[in-house]
Amino acid sequence: MIYTEKKAYPSKGNTLLHFVNEDSLKTDLFLNQLNKLVNNRINRQIELHNFKGNINEYIYVEGADAYEHIIIYGLGKSKEFTSIKLRDAVAHITQIGQSFKSMSLSLFYLPLFGKEYFDVGKNISLGYELGQYSFDKFKSKEEIKDKKIIKELYIYFENDIPDTFNKGVKFGETLAKGISLTRNLVNEPASHVHPETLVKEAFAIEKKSDGKVTVEILDKDECERLGMGSFLGVAQGSDREAKFIILKYNRNSNDKTQISKVKKICLVGKSITFDSGGLSLKPSKSMETMKMDMAGGATVLGIFDILTKSDITSYEVWGILPACENMPSGRALRPGDVVKGLNGKTIEVLNTDAEGRLALADAVAYAEKHIKPDLIIDLATLTGACMVALGPDIAGLFGNDRLAIKQFLHHAKKEGEEVWELPLYKPYLKTLKSDIADIKNIGGTGYGGAISGALFIGEFVKKTPWLHIDIAGPAYGSHNTKSIISKNGTGWGVLSIISLLSTNT
Ligand code: BES
Ligand code: ZN
Ligand code: ZN
């Protein structure tokens, strides 16, 4: 729980947290007061550790005044302050606080945080909630019995507490719940998450949305009738039936925004509940994390979970999850097979491990034909090549529309989600030429694999503005960071897309 209160000292909580800047460490008034209270013990720590107040640097004293701990945490140069740095610092501190077995934290709202109260409130609460995220579902009680969580965060204000700050805190909590939903789905093993599980999750969102979200499921027969041979081809080796999940966020009908101004956005999430590679089987090391190949779909579900509690009025939002499992079997797609997509194009499948693009080809074509949105955004753990190009933290962004690319980059920057634009370089389309069909599903040159994956999907979008975001790297973290980014499922993308949907520019 986060509480906001008017200044009181000593404040509640057993750990007091104070942020400092590297350029004003010596003149920090609050720090000087604290030093008097605890007989210069903080100064001694500063000297001992040569603490400068650089970003992520911290010192602490124990058993100080009314507190079990006082943490002094560096935020770097004051001119370079952003609420994202504060968010990630709070996330890091919740982890430090847990190791102290601290039950509550308190901090004072500093002038440094500025007056964008909604934004700061949102980011402090994101840091607090997501910093403590862990996936314990499969751990026995014995294993987690000593685990401590920080149950309370008190934020003190010198003057009246701005209403917008409290609103920001609440919104941050809503965002954190949606992101946790995404993380949980990604972290849950493929033994527990099947296409049917994603269907249930979509219906659970519909149920709690009070009419804001409606869900439609196309089963295998319906997909066949519509001609989705590419998507169904991926699914055919598995015992689990494919499900094509469609969600729609209905705007508040009392809203006065002119209907003509309302834009339709369709979010498409790659939803391969397990990617073994199919008959083009992955080596076992590469398969270890492939329960995460539905992270795009889980991101879309996390976004819809947030939409159930929001009042976004400028967009009608659609979500599509072409959900299936990529498995080898006697019924599986063989390298060399030809499938036919919903748009009539024939595809030679030379590598059954390049399955994401096959599922997405039908999903984006469905969106364009049946939903007719103003913008399609697909999120996909599409290629290892994108990780080779950008490393594990950064998503690759492709698109056929400059304005949409610019907008996405703006929102991602604002939300502290790392993304880099990569080119949809048309000359490479020739590598996708097939001898026997309209297109083949791999470039086969061994180079530029993220680009050929994007180009392939682009061939199934005729004229709609479209963004493709390759999240193979950032969807799944390999280590704990000093930020909200978690190990394993991260929920990357939820914040940028909610930010995009929350503004009409
Ligand atoms: N799901 C994988 C991509 C992936 C790799 C995601 C590593 C996250 C981490 C995708 O389906 C795949 O297997 N792609 C192949 C494409 C290749 C066969 C053209 C790849 O990246 O090797
Ligand atoms: Zn694959
Ligand atoms: Zn895959």
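Mentor: Below we talk through the domains, the ligand and the salt bridges. This is a predicted model, where local features need pLDDT of at least 70, side-chain atom pairs count only at pLDDT 80 or more, and totals for chains, interfaces and linings use all residues. Residues are numbered from 1 along each chain as its sequence is written, chains are lettered from A and ligands numbered from 1 in the order in which they are written, and side-chain values use heavy atoms, leaving out hydrogens and water.

Trainee: Thanks! How is the chain divided?
Mentor: Into domain 1 (2-159) and domain 2 (174-501), with bounds that come from an automatic or database domain assignment. Their C-alpha centres lie 37 Å apart.

Trainee: And how many residues are in contact between domain 1 and domain 2?
Mentor: 16 residues of domain 1 touch 19 residues of domain 2, where contact means heavy atoms within 4.5 Å.

Trainee: What area is buried there?
Mentor: About 1600 Å², with carbon and sulfur atoms giving 63% of it. Buried area is the accessible area (1.4 Å probe) that two parts lose on being put together, summed over both. On the domain 1 side, Leu130, Tyr133 and Phe135 supply 36% of what that domain buries against domain 2, more than any other three residues.

Trainee: How many salt bridges cross that interface?
Mentor: Two, counting a side-chain nitrogen of Lys or Arg within 4 Å of a carboxyl oxygen of Asp or Glu. Separately, Lys122 and Glu415 meet through their side chains in a salt bridge at 3.0 Å, N to O.

Trainee: Which elements give two or more residues to the domain 1 side?
Mentor: Helix H3 (83-99) and helix H4 (117-131); helices are DSSP runs (H or I, at least four residues), strands are E runs of at least two, and both are numbered from the N terminus. H3 gives the largest share, six residues.

Trainee: Switching topic: what surrounds ligand 1?
Mentor: 17 residues (a heavy atom within 4 Å), the closest being Asp275, Lys282, Asp353, Glu355 and Gly384. A polar side-chain atom of Lys282 lies 2.7 Å from a ligand oxygen. For Asp275, a side-chain N or O atom is 2.9 Å from an oxygen of ligand 1, and for Lys270 that distance is 3.2 Å.

Trainee: Back to salt bridges, how many in the whole structure?
Mentor: The search finds 24. One pair is Glu22 with Lys77, their closest N and O atoms 3.2 Å apart.

Trainee: Where do Glu22 and Lys77 sit?
Mentor: Glu22 is in the loop between strand S2 (15-20) and helix H1 (29-37), and Lys77 is in the loop between strand S4 (67-74) and H3. The pair links distant parts of the chain, 55 residues apart.

Methods. Polar contact = N/O pair within 3.5 Å; in protein donor to acceptor, adjacent residues only side chain to side chain.
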